[in-house]
Amino acid sequence: MATTGLPRSTQVDVARVTESLEMITPLWSVWILMTLSTQPLRYAEIKPRLPWLNDGTLHPKLRKLSDAGLVERTEVSQGHVTYGLTGRGADLLPVLTVIAAWGESHLEKPLAKNKDTGKLEPLATVAPAQNIEDTLALIGPRHATPILWALKERGASSAKALSAAAMPSYRLSNVYPQVDRLVSDGLVRKDGRVYELTANGHALAPVYRALSAWAKGSSLADADTHPLWGQAPAQTQAKSGPWLTTQPRVPAPATPAPAATPPALSAQSPAAPATAWKGGDLFSHQIPARPIALPQAGGPRR
């Protein structure tokens, strides 16, 4: 368990959430979980849905998700093996829905070229899967969650106090690049020598409530309150639905998928809110390999 200077109960909670994030933040993990969300699939059925992943990448990712207890490999008969979500993997889907909703509300919209004018303009709608990946890129790094939790619990803190609370086994100098990255991402603000959560940082409450509940094995319906991150409004309870994928976070290889394989889903942008999932909602376009940049008005940059 990661060591922090937080109270014992908080430290255990932070460790569980951090371990949960470590399972899903590696690149492509969310895409694979989404692809398997509707039914178990054979490897030959998974690969056309994720054509940018070669065998040397997809096989290890499936194995790692199996080792994490999120995916199970079932030998139906000799030569017939399927991959599907475990109960824990299926329980994670509503959590991903909550993460996507935060991204939709609090991340700046990426720019895309207007077909008529040729100018770069913010997209009107961002696909939920992109919001999930971009949100995980903000809170997934090793020390991000302990720092955010420490600021939530203690309020405005100096770097020294923050280091003692979130990174006690490290030198004081090690906390600066970690917290400054969160400042650049728009989750923390610096006022002189004091750091505190921004409105977007405080708004991570539903994300951390959901992750904490899943990490403890509780359903979102049974665990809509948290001792630190508060209570979830009844009207914002997340619902999940069919999850499929089409396009990757980084540009896909030039070789297209086989023509005989139908696309996993439409490339259209989602027409419904992030909390009402439909097949085809998850991707609308490709996104850059490095989505995080300096914040501007409107929310953290991707």
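1. Helices α7 (residues 144-154) and α9 (residues 175-184) pack at an angle of about 75°, and their axes lie 10 Å apart. Helices here are DSSP runs of H or I with at least four residues, strands are runs of E with at least two, and both are numbered from the N terminus. Axes are lines fitted to C-alpha atoms, for helices over the stretch in contact, with angles from 0 to 180 degrees between N-to-C directions. Helix α7 is therefore roughly perpendicular to α9 (65 to 115 degrees; under 35 is roughly parallel, over 145 roughly antiparallel, the rest oblique). Ala144, Ile147 and Leu148 of α7 meet Val175, Gln178, Val179, Arg181 and Leu182 of α9, where contact means heavy atoms within 4.5 Å. Six of these residues are nonpolar, one is polar and one is charged (Ala, Val, Leu, Ile, Met, Phe, Trp, Tyr, Cys and Pro count as nonpolar, Asp, Glu, Lys and Arg as charged, the others, Gly among them, as polar).

2. The model is predicted: local features need pLDDT of at least 70 and side-chain atom pairs pLDDT 80 or more, whereas totals for chains, interfaces and linings use all residues. Residues are numbered from 1 along each chain as its sequence is written, and side-chain values use heavy atoms, leaving out hydrogens and water.

3. An open sheet is formed by three strands in the order β6-β8-β7, with antiparallel pairing (two strands pair if DSSP finds at least two bridges between them). Its edge strands, β6 (157-158) and β7 (188-191), each pair on one side only. Strand β7 is joined to β8 (residues 194-197) by four bridges; Lys190 has Tyr195 in β8 as its bridge partner. Helix α9 packs on the sheet and touches β7 and β8, its direction making about 110° with that of β7.

4. The largest nonpolar core has 70 residues, and Leu36, Ile139, Ile147, Leu148 and Tyr208 have the most contacts inside it. Such a core is a set of buried Ala, Val, Leu, Ile, Met, Phe, Trp, Tyr and Cys residues joined through side-chain atoms within 4.5 Å. Helix α5 (residues 87-106) supplies the largest share of this core, eight residues.

5. Tyr208 lies in helix α11 (residues 205-215). Tyr208 counts as buried because its relative accessibility is 0% (buried is under 20% relative accessible area, exposed over 50%, partly exposed in between, with a 1.4 Å probe and protein chains only). Leaving aside neighbours within four places in sequence, Tyr208 is in contact with Val17, Ile139, Thr145, Leu148, Trp149 and Trp229.

6. Trp28 sits in the loop between α1 (8-24) and α2 (29-35). Its phi is near 85°, a positive value in a residue other than glycine. Trp28 counts as buried, at 8% relative accessibility.
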